Structures are given as C-alpha cells and as structure tokens.
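Hi,

Here is the structure I promised to pass on. Have a look at it first, and my notes on what turned up follow below.

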Amino acid sequence: MAEQSLKEKTAKGLFWGGVSNGVQQLLNLLFGIFLARILNAEDYGLVGMLAIFSGIASSIINSGFTEALTNNRSTSQREYNAVFWFTFFVGLLLYLILYFSAPLISTFYHRPELTALSRVLFISFFFSGIASVPYAVMFKNLMVKEQAKIDIVSLLLSGIIGVVLALNNFAYWAIALQSMSYVTINSLLKCYISPWRPSFEMDLSFLKRIFPFSVKIFLTNIFTQINSNIFSVLLGKFYDAKQVGFYSQGYKWQGMGNTFISGMINNVAQPVFVSVGDDLERQRNVFRKMVRFGSFISFPLMLGLAFIGNEFICLLIGDKWLPSVPFLQLFCVWGAMGFLWNLYAKLLISHGKSELYMWGIIGVGVVQLLCVFVCFPYGIYCMLVAYICVYFLGILFWHYSVNRIIDMNLMSVIKDMTPYLLATGLSFFITWLFTMRIENLLILLLLKIILSAFFYVILMYLGNSIIFKEMLVYLRKK
C-alpha cells in the first residue's frame with residue numbers, strides 16, 4: 001500500500017507539475033511574443049544587467065531553509081515560526097541595503113536609469129521572503145495542484161500588467177514591473193493558500209540546528225547565481241545593453257522549456273527521495289524511473305527547440321532577434337541534460353549531503369569561470385561553448401558522488417537515457433529529410449513540429465516504452 005500510495009502521489013505531482021508548467025510556458029510564450037515585438041534588445045538588456053543581483057538576493061532570503069524543512073520529517077509550529085520571521089526580517093533588511101546601493105550598480109554599468117529601475121525591481125525580495133515557509137509547507141506535502149493554480153494566476157496577472165505597460169510606451173519598465181508583480185502576487189497567494197499560518201511563538205534554537213545544513217545550500221545557491229549570470233555582467237560591462245538583450249532573449253526561451261521539465265521533477269523529487277530514504281534499492285528504482293521520465297520529456301522538447309530555433313525566432317518575435325538564435329540553440333543543448341543534474345542534486349540533498357553538494361557546485365563553477373575568462377578574448381560564443389562543456393563534465397562528478405551513496409552504476413543511467421536520445425535524433429533526421437526543400441517559414445515550422453512529434457511517438461510505441469505506456473494509462477484515467 002505504501003508503494004502504491006507513493007507511486008500515486010508521485011504521478012499526481014508529475015501530472016500537475018506538467019499541467020502547471022505547460023500552461024505557464026504557453027502564457028510565457030504569448031506574453032513573450034507581445035513584449036519582444038514591442039520592446040527592443042536594449043530594454044531586455046537593462047533588466048538583464050540586474051539578474052545577478054536578483055538571483056543573489058533570492059538565495060540569501062531562502063538560505064536553504066526549504067530543503068532543510070523538507071528533510072526534517074517532523075517540524076513544529078515554533079520551528080516554522082523561527083524560519084518565517086528570520087526570512088521576513090532578512091528580506092526587509094536586504095531590500096534596504098540594495099535600495100541605498102542602487103547608485104553603485106548604475107555607476108558600475110554606466111547606466112543612470114538603473115538606479116530607479118533596481119529600487120523598484122528589488123521590492124519583490126521582501127515578498128519572496130515572507131512566502132518561503134508557506135511554500136516549504138506546500139512543497140513538503142506535495143501540494144503541487146495548489147502550487148500550479150498559484151503560479152498560473154500569478155503569471156496571467158503579471159503578464160497582463162507587462163503587456164499593458166509595454167503598449168503604453170513604458171519600455172524596460174514593462175519588463176521590470178511584470179517581474180516584480182509576478183513575485184509579489186505569487187508570494188501573497190502562497191501565504192493565503194498554504195495551510196500553515198505564522199505566530200509569534202518561536203524556537204530560535206531550530207535555526208541553529210539546521211544552520212550547518214542550510215548555510216551550505218545558501219553558499220551553493222549564491223555561487224550558482226554568480227556563475228549563471230556571469231555572462232550578463234561581462235556583456236553589460238564590456239559590450240553593451242543590446243548584446244545582453246540578445247543573450248537574455250536566447251536564455252529566456254530556453255529557460256521556458258527547461259522550466260517546464262525541471263518544474264515537473266523538482267516538485268516531487270526531494271520529498272519522494274526523502275520518503276524512501278531508508279530503502280536504497282527502492283531509491284535506486286525511483287531515481288532511474290525519474291531519469292527515464294526526464295529523458296522522455298527533455299530530449300525531444302529541448303533539442304526540438306534548438307531544431308526549430310531559426311523559424312521560431314523569425315516568425316514569433318521578428319527578424320530583429322535573429323542574433324539570439326545561436327544563444328538559444330547552445331542553451332538548449334545545455335538544458336537537455338538539466339533534469340539529470342537536478343536529480344543528482346536533489347538526491348544528495350535528501351541524504352543531507354549539503355557539504356558535498358556545495359563543494360561540487362563550487363568546484364564545477366570555478367572551472368567554468370576560469371574557462372570563461374580564458375576564452376574571453378575569443379568572443380562570446382567561444383566562452384559559452386567552453387562553459388557548457390564543463391557543465392557536462394560536471395555531471396560525471398555528480399554521478400560519482402551519488403554512486404557512493406546508493407551504489408548506482410553509470411552504465412545503468414546511460415542505458416536509461418540512450419533510447420530516448422536516439423529516438424529524438426532519428427525523429428529530427430527523418431523530419432529534416434521531409435522538410436529540407438521547404439522555404440516558407442510558417443509551413444516549415446509547423447511541419448517540423450508535427451512530423452517530429454509524430455515520428456517520436458511512433459518510435460516510442462514501436463520500442464515498447466514503459467514510460468510512454470504508463471503516461472497514456474494515467475492520462476486516460478484523468
């Protein structure tokens with residue numbers, strides 16, 4: 001019964017995670033098309049220059065507490081309160097620090113308009129802080145359906161705000177206020193819908209007990225944000241806002257596909273790994289099944305976006321964004337394996353290995369940064385290719401670390417992924433043969449999507465894919 005219950009909860013979590021992220025990415029697509037056609041690369045570039053500050057601030061507010069609360073199987077009201085009020089005041093203090101630091105950001109980039117822009121954009125940090133514990137409670141209890149509704153409503157309302165502002169010539173303010181309103185609305189809805197409510201009874205010693213674990217997650221997240229946004233900083237400092245805009249646009253569209261996949265898996269991975277942590281054989285089976293599921297979804301989606309990248313950009317947001325296509329395609333190759341990186345990380349964290357997770361992220365990141373600076377004289381694309389290559393090598397380190405915990409052979413993981421990668425590649429090759437002489441972009445885009453999906457489904461059926469069959473059975477029930 002326990003096995004069946006866990007399987008049902010996991011399937012439900014993946015299903016609602018897929019529904020949520022699918023609807024979100026559809027809305028992101030629609031709003032993204034509107035905004036990209038109205039605004040220019042420099043508008044996106046100005047907001048992109050602040051991405052590193054936003055990322056670091058969100059990491060400081062969370063401080064690894066979500067992971068710590070999830071791993072702690074029995075958490076009292078007083079312990080939840082301690083984390084809530086800590087993140088509340090940290091968010092408030094952080095915003096005040098960044099408010100007065102805004103002129104320094106403008107001076108660094110030599111863009112005076114960033115002072116007011118950053119002060120408004122960073123308001124979301126405070127609201128993000130107050131939602132950390134309500135979200136942790138929902139995450140821990142696999143309330144994926146409720147989270148899905150929150151995310152969709154937040155995205156819909158903030159997207160409308162962004163489009164209305166863009167149509168009224170607010171330029172980069174439209175992007176900034178859309179982002180700020182999304183976080184604010186999302187945070188307030190989490191506080192309202194979560195079954196947990198704060199009070200002033202606190203057990204501050206709980207913060208001390210989870211600090212050794214949380215601080216490692218915190219430092220890891222800080223380094224990850226710096227590492228992930230280093231290109232925006234370098235491009236903004238040594239190139240111009242327009243180049244940052246092309247980079248940001250390519251990263252954004254890849255991020256939509258990657259978020260769809262990671263959102264499905266991240267909503268369930270850590271809670272499920274924690275629940276089967278006492279049975280390593282069962283945990284291995286759960287991990288490998290998630291690898292197969294991730295491969296089934298990620299390879300055709302992410303590599304497919306790279307396959308249609310040129311037609312996608314030209315038709316949906318216009319020729320002015322063509323320089324973003326190479327960025328998009330490189331990021332899609334990177335994103336295709338992102339689910340595996342996430343699974344390894346969640347499994348390590350579920351075993352309380354935050355120190356190993358921290359040093360792994362920092363080690364891989366330092367090598368990536370060194371490669372970026374070495375390749376800097378050779379141009380943007382050379383830097384990005386080197387960065388991505390190190391990322392793939394980093395996956396080997398994660399497997400070695402996980403193998404020491406649950407004794408899982410690398411060949412078994414490769415065996416789980418290979419059929420889906422081959423099916424994806426074969427589907428695209430056959431589709432390319434059918435469409436190679438078509439010049440009309442709209443017809444070419446539609447045929448690439450339809451034929452690739454058709455051939456992939458046929459190959460899954462002929463290959464007797466268990467994941468494919470189980471998904472069909474679950475969808476029929478729904």
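Glu 281 and Arg 284 sit three residues apart in helix 15 (residues 280-307), about one turn of the helix; helices here are DSSP runs of H or I with at least four residues, numbered from the N terminus. Their side chains meet in a salt bridge at 2.4 Å, N to O, where a salt bridge means a side-chain nitrogen of Lys or Arg within 4 Å of a carboxyl oxygen of Asp or Glu. Glu 281 is partly exposed at 41% relative accessible area, while Arg 284 counts as buried at 18%. (Buried is under 20% relative accessible area, exposed is over 50%, and partly exposed is in between, with a 1.4 Å probe and protein chains only.)

Before you go further: this is a predicted model, so local features need pLDDT of at least 70 and side-chain atom pairs count only at pLDDT 80 or more, while totals for chains, interfaces and linings use all residues. Residues are numbered from 1 along each chain as its sequence is written, and side-chain values use heavy atoms, with hydrogens and water left out.

Back to the charges. The structure holds seven salt bridges. One of them joins the side chains of Asp 416 and Arg 288, at 2.8 Å, N to O. Asp 416 is in helix 21 and Arg 288 in helix 15, so this pair ties together parts that are 128 residues apart in sequence. Asp 416 is buried, at 6%, and Arg 288 is partly exposed, at 26%.

Glu 311 and Lys 448 make another salt bridge, at 3.4 Å, N to O. Here Glu 311 belongs to helix 16 (residues 309-317) and Lys 448 to helix 22 (residues 441-462), so the pair ties together parts 137 residues apart in sequence. Glu 311 is buried at 6%, and Lys 448 is buried at 10%. Lys 448 also lies over the face of Phe 307, at 4.5 Å from the ring centre; the rule for that is NZ of Lys or CZ of Arg within 6 Å of the ring centre and within 35 degrees of the ring normal. Arg 119 lies over the face of Tyr 99 at 4.2 Å from the ring centre. There is also a salt-bridge network linking Glu 79, Asp 203 and Arg 209.

On to the rings. How many aromatic pairs are there? The count comes to 30, pairing rings of Phe, Tyr and Trp (its six-membered ring) with centres within 6.5 Å, where planes under 30 degrees apart are stacked, over 60 edge-to-face and the rest tilted. Tyr 172 and Trp 173 form a tilted pair, 6.0 Å centre to centre with 35° between the planes. Tyr 172 is buried at 17%, and Trp 173 is partly exposed at 22%. Ring pairs also link a cluster that includes Tyr 80, Phe 84, Trp 85 and Phe 200.

Last, the cysteines. A search of the whole structure finds zero disulfides, a disulfide being a pair of cysteine sulfur atoms within 2.5 Å. Cys 382 is in no disulfide, and its nearest cysteine sulfur, that of Cys 375, is 3.8 Å away. Cys 382 is partly exposed at 31% relative accessible area, whereas Cys 332 is buried at 0%.

Cheers

Key: Helix = DSSP H or I, 4+ residues; strand = E, 2+ residues; numbered from the N terminus.
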